[in-house]
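Please look over the sequence and the model before reading on.

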Amino acid sequence: MLDVALEVSLFTLFSYTAGDLISKNPSQKIGSLPTTLLALGSSFVLFSFLLILRGFSMPLSSCLYSVIAGLFFAGGLLFSFKPLESEQVSDTLAMVGFAYIVPVVFAAVYLKERVPLLSYVGVLLILTGSTIIAFKKNKFNKMLIPAIIGNIMWGIQFIFFNYALKASSNYIDVAFVSSFVGFSVALVYSFFKSKVFINFKYASQAILSGILLALGILGSIYMIMIRVMVLGLSIVASEPAFITLLGKIVYKDVINKPQLLGVIMAISGIFLITVY
């Protein structure tokens with residue numbers, strides 16, 4: 001089981017990192033809405049294909065939780081991709097720590113679970129580190145606020161994925177329903193926009209990003225199903241470190257010393273939350 005968990009965790013880490021990194025170009029060139037629409041559309045097509053191979057069967061309660069997860073799936077992408085139109089990929093994706101805070105707060109406040117002290121320390125490190133990253137030239141970068149909101153929505157999404165999988169062990173069905181809802185939301189929202197520009201080159205990148213992120217979602221859902229989320233998250237949580245490094249190499253991101261300290265603090269916080 002541990003070998004499988006390790007393999008799935010590494011696969012999920014690669015999928016999320018590559019998908020997020022690739023999403024920068026289309027978000028900047030054709031806009032966050034077309035990028036989100038294409039990414040969600042490609043994930044829906046992928047899960048539909050997998051569903052055809054396995055068939056569909058899930059109880060109503062699991063379906064309802066999956067629908068709610070899909071709403072947060074779409075919202076998370078819409079908000080997270082928005083800052084990529086103008087901001088550095090390393091700054092934007094460093095906000096992923098907020099997705100890890102949500103389950104801790106939910107467990108402590110709503111479920112009344114006993115949360116380890118080190119998890120609270122992790123939350124404090126993430127908040128402090130993310131705040132440092134968000135400051136550029138001694139001024140708070142308001143453009144990163146959508147990224148914070150988007151990652152909070154992603155954290156909520158995984159809570160509903162957890163409930164969906166308690167009612168059904170068919171993780172592909174859960175992924176399919178959530179992607180269908182997410183794509184539908186993005187499609188309806190796009191109709192209210194007066195203009196959606198699509199360029200083939202960047203559209204193909206958005207589609208590739210969507211497929212990779214869908215595989216990451218699938219890996220995460222599978223880890224929830226087989227109850228190895230703690231081990232999985234401790235590995236996937238290293239994504240901001242890779243994004244920071246690759247953002248500097250691929251996109252020539254400028255990272256000052258305080259921001260680097262913020263990244264280290266945020267990653268350390270994520271590690272404390274996922275391991276303890």
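Ile 207 counts as partly exposed, because its relative accessibility is 35%, a value between the 20% and 50% cut-offs. The structure described here is a predicted model. Ile 207 has its place in helix 10, which covers residues 200-225.

Leaving aside neighbours within four places in sequence, Ile 207 is in contact with Leu 38 and Ser 42. Ile 207 and Pro 26 are 181 residues apart along the chain, and their C-alpha atoms are separated by 9.6 Å.

## Helix 9 against helix 10

Helix 9 comprises residues 171-191, and its axis comes within 9 Å of the axis of helix 10. The two axes cross at roughly 135°, which makes helix 9 oblique to helix 10. The crossing of these two helices is right-handed.

On the side of helix 9, the contact is made by Tyr 171, Ile 172, Val 174 and Ala 175; helix 10 contributes Leu 218, Ile 221, Tyr 222 and Met 225. By class, the residues of this contact divide into eight nonpolar, no polar and no charged.

## Helix 8 against helix 9

Helix 8 is formed by residues 145-167, and its axis comes within 10 Å of the axis of helix 9. The crossing angle is roughly 135°, so helix 8 is oblique to helix 9. This crossing, too, is right-handed.

Phe 161, Ala 164 and Leu 165 of helix 8 make the contact with Tyr 171, Val 174 and Ser 178 of helix 9. The contact of helix 8 with helix 9 has five nonpolar residues, one polar residue and no charged residues.

Ser 66 lies in helix 4, which spans residues 60-81. Ser 66 is buried, because its relative accessible area is 0%, under the 20% cut-off. Not counting residues up to four places away in sequence, Ser 66 touches Met 58, Ala 164, Val 174, Val 177 and Ser 178. Among these partners, Ala 164 of helix 8 and both Val 174 and Ser 178 of helix 9 also take part in the contact between helix 8 and helix 9.

## The largest nonpolar core

In soluble globular proteins, nonpolar side chains tend to be buried together. In this model, the largest nonpolar core has 62 residues. Those with the most contacts inside the core are Met 95, Trp 154, Phe 161, Ile 217 and Ile 221. Helix 9 supplies the largest share of this core, with nine residues.

Ile 217 is in contact with Tyr 16, Phe 73, Trp 154, Gln 157, Phe 158 and Phe 161, once its neighbours within four places in sequence are left aside.

## Leu 187 in helix 9

Leu 187 is found in helix 9. Leu 187 is partly exposed, because its relative accessible area is 32%, which falls between the cut-offs of 20% and 50%. Leu 187 and Leu 33 are 154 residues apart in sequence, and the distance between them in space is 9.5 Å, C-alpha to C-alpha.

## Lys 252 in a loop

Most residues other than glycine have a negative phi. Lys 252 is not a glycine, yet its phi is positive, at about 55°. Lys 252 is found in the loop between helix 12 (239-250) and helix 13 (257-275). Lys 252 is exposed, because its relative accessible area is 62%, over the 50% cut-off.

Methods: Residues numbered from 1 in each chain as written. Predicted model: local features only at pLDDT ≥ 70, side-chain atom pairs only at ≥ 80, totals over all residues. Heavy atoms only, no water. Axes fitted to C-alpha atoms, helices over the stretch in contact; angles between N-to-C directions. Helix = DSSP H or I, 4+ residues; strand = E, 2+ residues; numbered from the N terminus. Parallel < 35°, antiparallel > 145°, perpendicular 65-115°, else oblique. Left-handed = near helix turned anticlockwise from the far one by under 90°. Contact = heavy atoms within 4.5 Å. Nonpolar A, V, L, I, M, F, W, Y, C, P; charged D, E, K, R; others polar. Core = buried A, V, L, I, M, F, W, Y, C linked by side-chain atoms within 4.5 Å. Buried < 20%, exposed > 50% of the residue type's maximum accessible area, 1.4 Å probe, protein only.
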